[in-house]
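Please look over the sequence and the model before reading on.

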Amino acid sequence: MLYLGGLFFKKGDHPDNFFKGGGRIPWWAASISIFATMFSAITYMSIPAKVYATDWTYYPIQFMMLFILYPVVKYYLPFFRRLNVTTAYAYLQCRFNYALRCMASLLFMAFMIARMALILFLPALALSAVADIDISLCILLMAVITIIYCTLGGIEAVIWADVIQGIILVGGAILAAIYLIWQTPGGFQGFVDIGMNDRKFVLFDWSLDYRSATFWVVILGGLANNLISYTSDQTIIQRYMTTKDERSAARSIVVNGVICVVVSIVFYLIGTGLYTFFKTHPEAGFTSLDRPDAIFPFYVVTQLPAGVAGLLIAALFAATMSTISSNINSISTSFTIDIYQHIRPTRLSSKHILRVARWASFVSGIAGLLIALLMAQLKIQSLLDYFNIILGLLSGCIGGLFVMGIFFPTIGSKSATIGFVAGMLIVFYLHFYTQVSFLIFGFVSIAASVSVALLFSILFKERPNHQNLTWESLQNKSK
């Protein structure tokens, strides 16, 4: 990882290389990078733990990704590529105003720093709970190495590191699934029989309950949450800009979707395998510990032979680093392009912009590292979890802004702002005062923010700036 940082530091003599990789990234590398970015260490632990405790009812969320690939490629990608934006939020300024761009960018950066701290802290906490590994050392190792290669090499170093880390984390997961099934009495047949008898392979809950992962909640939530990630998350959209052309970017999005759907099955198999293994090996001695999510690391450390266990721990580290590296680079890009260049509107040299971008990478990485270390020392993860939840509630409304901008030409900046605030208030109310499943918050926030914005656009009768910035105008231009 450090070698990659030094290698691409020599190429990083221009902001276009640091932020977009000069458009040199192969589509397949961008595809693996998107997958590795989305699949954090928390996911690496939480999916097996969730399946161990319940069943496969969450899997359709992953499968819903296939249904949003067409609208992302058909309706969203052309705007990001043809406007040649460096950040997703630049579109919001073109379509609405700078205030909405700035707000979305600042919320994104705050969310990424909080997320970075959690992604550093929680895997380190799980490892320290089951193995003789110091939690602060885990955090420092993962963070310092990632900060160095991100700061030096920019997006190219991040993407090629993601490729290596993605292969490691998938390879480790496949190996773990094989071991779990092999160690279950009766092998694969015993694994299937125990799972079927104990209803561990249930995919759909057909009840109408809105408080749990029922079929319709999972479908609506999966569609909305995947759409939000792939249309308004800078860590993902930045990859769209690193390939040589729009067709390559589209290919990377589609292949990534297929990878996510297929690889997720491996982690669901691990979860069921953990259940069948510990049910048939009560002497293995797993208890809930202080964290249920520690079951997979516990199995790795206590049941796998040396070498194999080391590979799985390396995979956990890789899953952590691939996500925080993308967070660091996307924060740097958003700060430099969305905030700093607006504060300093005078023409800046390439060297100046690069210097700001590298300092932003370093500072954001250190901020995430310090918060993670603070959480480890003071055990205040609940406070940051709370902060992370609050910011997470806003992501759907940011996604709603892009829906408004691209598909509804009558919505102007005033209507969009009111719609954003209304959608935010509604999901906050649902979170704090109802028992509605969090899975559906993204769908509700998009639907509410767009509906309110449409209503106010009729009242205000604005004349929004939508020349070549909505799907309708783009179609007319093409004709």
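A cavity here is a set of grid points where a 1.4 Å probe fits but cannot get out. In this predicted model, that rule gives a count of one cavity of 30 Å³ or more. The volume of the largest cavity is about 60 Å³.

Which residues line the largest cavity? The lining consists of Tyr44, Met45, Leu127, Phe296, Pro297, Val300, Leu312, Ile313 and Leu316. Three helices each contribute at least two residues to this lining: helix H4 (41-53), helix H14 (295-303) and helix H15 (308-343). By class, the lining of the largest cavity has nine nonpolar residues, with no polar and no charged ones.

The lining of the second largest pocket divides into seven nonpolar, seven polar and six charged residues.

Next comes the packing of one pair of helices. Two packed helices are described by the angle between their axes and by the distance between those axes. For helix H9 (residues 135-183) and helix H13 (residues 246-280), the angle is about 35° and the axes lie 9 Å apart. The crossing of these two helices, H9 and H13, is left-handed. On the H9 side, the residues in contact are Leu169, Val170, Ala173, Ile174, Ala176, Ala177, Leu180 and Gln183. On the H13 side, they are Val263, Val266, Phe267, Ile270, Gly273, Leu274 and Phe277. Sorted by class, the contact between H9 and H13 has 13 nonpolar residues, two polar residues and no charged residues.

Last is the chain as a whole. The chain contains 20 helices and zero strands. The C-alpha trace spans about 70 × 55 × 45 Å along its principal axes. How does the radius of gyration fit the chain length of 479 residues? A compact globule with 479 residues would have a radius of gyration near 23 Å, and the chain has 22 Å, so the two agree.

Key. Residues are numbered from 1 along each chain as its sequence is written. This is a predicted model: local features need pLDDT of at least 70, side-chain atom pairs count only at pLDDT 80 or more; totals for chains, interfaces and linings use all residues. Side-chain values use heavy atoms; hydrogens and water are left out. Axes are lines fitted to C-alpha atoms, for helices over the stretch in contact, and angles run from 0 to 180 degrees between N-to-C directions. Helices (H or I, at least four residues) and strands (E, at least two) are DSSP runs, numbered from the N terminus. A crossing is left-handed if the near helix is turned anticlockwise from the far one by less than a right angle, and right-handed if clockwise. Contact means heavy atoms within 4.5 Å. Ala, Val, Leu, Ile, Met, Phe, Trp, Tyr, Cys and Pro count as nonpolar, Asp, Glu, Lys and Arg as charged, and the others, Gly among them, as polar. On a 1 Å grid over the protein atoms alone, a cavity is a set of points where a 1.4 Å probe fits but cannot get out, and a pocket is an open set with protein on both sides within 12 Å along at least five of seven lines; lining residues have an atom within 4 Å of a point. Grid points are joined across faces, edges and corners, and a volume is the space filled by probe spheres set on the points. The radius of gyration is taken over C-alpha atoms; the globule rule is 2.2 Å times the number of residues to the power 0.38.
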